[in-house]
Amino acid sequence: MNAHVTQIRALARRSMLKTLRQPFQMFPIIFFPLILLAVNASGLRAATRLPGFPTHSYVSFAIAVAFIQGAMFSLINTGTNLAEDIESGFFNRLALTPLRRVSLIAGLLVGVAALGALQSGVYIILGLIAGAHLHAGLGGVFVIIVLGALTTLGFGAMGCVAALRTGSGEAVQGLFPLFFVFIFLSSSNLPRNLLRTGWFHTVATWNPISYLIEAFRSLYIFGWDGAALERGFAVAIGVTLIALLAVVGALRTRLQRT
Amino acid sequence: MIAAPRHGSITRVALAIAWRGLHTYVRRPDLFIPSLIFPLVFFASFAGGLSALGSVPGFHFPAGYTAFQFVFILCQSAMFSGLFTGFTLAFDFESGFARRLMLAAEDRRGIALGYALVALSRAAITLTVVSTVALLAGMRITGDGVDLIGLYGLAALLVLIGYGWAAGVAFRFRSIQAGPLMQTPVFLILFLAPVYVPLTLLKGWIHGVATVNPATAFLDAGRGLISGAHDHTALAFICAIGLILLFGLWLLSGLRRAEAEA
């Protein structure tokens, strides 16, 4: 058991350092969501004048999207890093060592979850500096970090699936727009009650990303909204479990090929 | 003694590159599909998801919110068609094709012109699809035929602006690694304009930035042309032509550098 933990810890550390040491991977995770937040919070401030809009602060409303965008970037970074390891042969060499199969990916994903917690903390601080008000207080900070880590873990696992299935960093990068579509077609810019175009409202209601965003958002705007948090955590846990199952299958196939 | 380029050699080189570029574009789904999906998703997200903004107090646009957002998508698609062609040029340098092309071309300015034709052809396909989808989605056009010619003429100029910038970068760096350098400034300039609501409804720092941003003139002019209520049309065309000249110099100096270093 101890050996197992040591293996996971070593690979988690490598996974974190690999991302933290590459500025071109850190830049999109930290700055891109914040640039979009700055632009959208200013450009869409007029939306707070709509009857039924839940707050007077668009920053507090929009900051939730940053957590999801950060998780999406983690998906791409995790997948690209793993694909690079596959392309360079490092993954195969690792598979030939006495390392347990599950540690190969578990280490990577523990590192991803830790980075998810870290980036959530950064968004919280920068959001507060930008003028967002966290209605749920200190307890909300804890919940955001846990939900942020869980969401990043789930998305990171999806990145692993893509990398294991394709073995190509370019192919993983190509998936980025596909995943970003889910953010666009959600309640990211307006609450669902104000999505007046029928088909868009339906898509946003079926889109699980809407519930993740609304869980983060509820902590900023309403404080403690049990229903929003339940739905958000249910989506995060569901996505993580499905992605982990897919990782197990993809890993088995990849190692059989090896 | 180096023979002077024959008369018409620029056109020959340009047409050959344009044919190859367009042929590659339509035969590669990994290039073709994202270039269509991106603007359509933006259009769906903005025109569909933000339609409630059309009823914000102070928002008056005769053609409706769908047309208001369509103009942004049109401008964005046009500029990104130019940018994506810059990516293609950078990729051609990475693969070694562009270097061979520079050895073979009688007049290398034809290379720059050829890729410009590729950008315009790609934009024509994208804008046709986006416009068709917008009309099917119920977009209203209250401008007349001449206004629409002006709108699509402005879009063509924006293609050349995006291409001029991106190709200048591509000729200098000759690597796809320079992609973010091509894309990020254009993305920021576009989003620091009145994307979601008119300039009068923007408040704070973004109002100041949008006031001096040339993209604001493009959006105002485009929205004026689609609605028939002209707004800053002359300013937009003057800005566009000025930027084309500026980025034309940027592109040609990049070409000279590529010739010197290749």
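**A helix pair and its surroundings**

Mentor: Helix α9 (residues 214-227) of chain B packs against helix α10 (residues 233-261) of chain B at an angle of about 135 degrees, and their axes are 8 Å apart. That angle makes α9(B) oblique to α10(B); angles under 35 degrees count as roughly parallel, over 145 as roughly antiparallel, 65 to 115 as roughly perpendicular, and the rest as oblique. An axis is a line fitted to C-alpha atoms, for helices over the stretch in contact, and the angle runs from 0 to 180 degrees between N-to-C directions. Helices are DSSP runs (H or I, at least four residues), as strands are (E, at least two), numbered from the N terminus.

This is a predicted model, in which local features need pLDDT of at least 70 and side-chain atom pairs count only at pLDDT 80 or more, while totals for chains, interfaces and linings use all residues. Residues are numbered from 1 along each chain as its sequence is written, with chains lettered from A and ligands numbered from 1 in the order in which they are written.

Now the pair itself. The crossing of α9(B) past α10(B) is left-handed, the term for a near helix turned anticlockwise from the far one by less than a right angle, with right-handed for clockwise. From α9(B) the contact takes P214(B), A217(B), F218(B), D220(B), A221(B), G224(B) and L225(B), and from α10(B) it takes T233(B), L235(B), A236(B), C239(B), A240(B) and L243(B). By class there are 10 nonpolar, two polar and one charged residues in this contact. Two residues are in contact if their C-beta atoms, placed from the backbone, lie within 7 Å. Ala, Val, Leu, Ile, Met, Phe, Trp, Tyr, Cys and Pro count as nonpolar, Asp, Glu, Lys and Arg as charged, and the others, Gly among them, as polar.

Leaving aside neighbours within four places in sequence, F218(B) is in contact with C75(B), L154(B), L158(B), A236(B) and A240(B). The largest nonpolar core has 163 residues, and F218(B) is listed with C75(B), Y115(B) and L158(B) as having the most contacts inside it. Such a core is a set of buried Ala, Val, Leu, Ile, Met, Phe, Trp, Tyr and Cys residues joined through C-beta atoms within 7 Å.

G224(B), also in α9 of chain B, counts as buried because it has 20 C-beta neighbours inside 10 Å. A residue is buried if 20 or more other C-beta atoms lie within 10 Å of its own, exposed if 12 or fewer, and partly exposed in between. With neighbours within four places again left out, G224(B) is in contact with A229(B), H230(B), D231(B), H232(B) and T233(B). Between G224(B) and D147(B) there are 77 residues of separation in sequence, and their C-alpha atoms are 8.5 Å apart.

H232(B) lies in the loop between α9 and α10 of chain B. H232(B) is partly exposed, with 18 other C-beta atoms within 10 Å. Most residues other than glycine have a negative phi. H232(B) is not a glycine, yet its phi is positive, at about 55 degrees. R174(B), another residue that is not glycine, has a positive phi near 50 degrees. R174(B) sits in the loop between α6 (145-173) and α7 (179-191) of chain B, and R174(B) is buried, with 21 other C-beta atoms within 10 Å.

The axes of α1 (residues 9-27) and α5 (residues 109-136) of chain B come within 7 Å and cross at roughly 40 degrees. That makes α1(B) oblique to α5(B). The crossing of α1(B) and α5(B) is right-handed. By class, their contact has 13 nonpolar, five polar and three charged residues.

Finally, the other chain: 22 residues of chain A are in contact with 26 residues of chain B. In chain A, α2 (23-43), α8 (176-184) and α9 (198-206) each supply at least two residues of the side that touches chain B. That side of chain A has 14 nonpolar, five polar and three charged residues.
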